[in-house]
Amino acid sequence: MNRPLKPIVALVLAFIAAAASAQQTPATTVLVADRLFDSRTGRIVANPVITVRGERIVAVQSGGALPAADRVIQLKGMTLLPGLIDMHTHIDADPSYGGYTSLQFGDRFWSMISVPNAWKTLQAGFTTIRNVGAGDWNDIGLKQAIDQGKVPGPRIVPAAHSFGATGGHCDSTFFPPSMDQKSPFNVDSVDEARKSVRTVRKYGAEVIKICATGGVFSRNTEPGQQQMSLEQMKAVVDDAHMYGLKVAAHAHGAAGIKDAIRAGVDTIEHASLIDDEGIALAKKHGTWLSMDIYNTEYTQSEGRKNGVLEDNLRKDREVADVQREGFRKAHRAGVRMVYGTDAGVHPNGDNAKQFRWMVRYGMTPAQAIQSATANAAEALARADVGVIEAGRYADIVAVSGDPTQDVTLLENVGFVMKGGDVYKQSP
């Protein structure tokens, strides 16, 4: 080798080695803000400094010298919070198409709209969702695309197809016999209950969603009707827990709520007509309640023009105030609560509008935020989201001002980081 080339070759090799080292060492980002919401205690911490390396938080401090970093993001005047968690969504739904108006589209339409819905949800500050029911495995496919970096969106805990009794809320109830429309996962026996758990788990479900009672947006069912037996629900829970999966039960009616709790269900969805005995049972068993006390505002104002049938609007009106008072009583009694909005019944991306209603019906702003952070993470049995602390994913959002003083600030999130990547940063 010619002598003059040696320094050049050495320089090139050094550059290649440095580039390889840089690729192996994740970038370090430091976030600096005025306040941090501690989702474990519900308190505000002043002058937080968060160090993020790659997709994880590596250090949390209050004040002091800034650590060395590849970039520093100054969020002056803002409060940092853990990425928000919505425990009850339908990411492949659009409430603009109510009743029979959805029949104008083919099956794949709903998988396509789940992609912009995921982006809207992430932009709203919800970095994790539990999707409790989707058609055609749409939430499974969306989760896989997000996890592979093909489309942006929140972390998804998918249920895929929810199921219940023949003719019940989770069945196909809008068509005449000649069309022979029915859910392939209907359960009318203990054995069928176990089979449906195993089938949806086989194809990617990470939570099992059942319909224990009738519902609002189905036909020929009333919310108060129990539609799965205690034995069937026990079979679902036993099989799901054997596989390490949680069970969520759609349950409006008091009897169905109580049998679902007795069966060992992990979360009760809606809980609209819960009675005092049901509240006591939920507290005794440590069952989480996920009560969607906002969405009736959207449905009653927009539903009719969106094609929602009058009978569905009637049921929605009948349960609305009863559910909200049940929420107040359950919270006052000390029942464990998580944040679930039923997004899809109202537009995905409007998830944060429920916070103000939870405060109106008895929670402090800090308690409402905890329901969508630390509480939700605990209900999911996940130690990687829901709290800003070392070791967890760098899922962090920020709002201007102090949301423990004005919870409506969460309706306008100005900064969103998920897994160390910034997806939104307002000027």
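Reader: Which residues are buried in helix α7?
Author: In this predicted model, G278, I279, L281 and A282 are buried in α7, which spans residues 276–285. Buried means under 20% relative accessible area, exposed over 50%, and partly exposed in between, with a 1.4 Å probe and protein chains only. Helices (H or I, at least four residues) and strands (E, at least two) are DSSP runs, numbered from the N terminus.
Reader: Why are they on the same side of α7?
Author: They cover an arc of only 165° around the axis, so they share one side of α7; the arc is that of the directions from the helix axis to the C-beta atoms.
Reader: What covers the buried residues?
Author: The cover includes α6 (254–263), β13 (288–290) and α9 (310–333).
Reader: Which exposed residues does the face turned away carry?
Author: That face of α7 carries D276 and K284.
Reader: Turning to R262, where is it found?
Author: R262 belongs to helix α6 and is partly exposed, at 36% relative accessible area.
Reader: Which side chains form polar contacts with R262?
Author: The side chain of R262 joins that of D259 at 3.0 Å and that of E277 at 3.3 Å. A polar contact is a pair of N or O atoms within 3.5 Å; within protein, one must be able to donate a hydrogen and the other to accept it, and residues adjacent in sequence count only if both atoms are side-chain atoms.
Reader: How should I read the numbering and values?
Author: Residues are numbered from 1 along each chain as its sequence is written, and side-chain values use heavy atoms, leaving out hydrogens and water. Local features need pLDDT of at least 70, side-chain atom pairs count only at pLDDT 80 or more, and totals for chains, interfaces and linings use all residues.

Definitions and conventions: Contact means heavy atoms within 4.5 Å.
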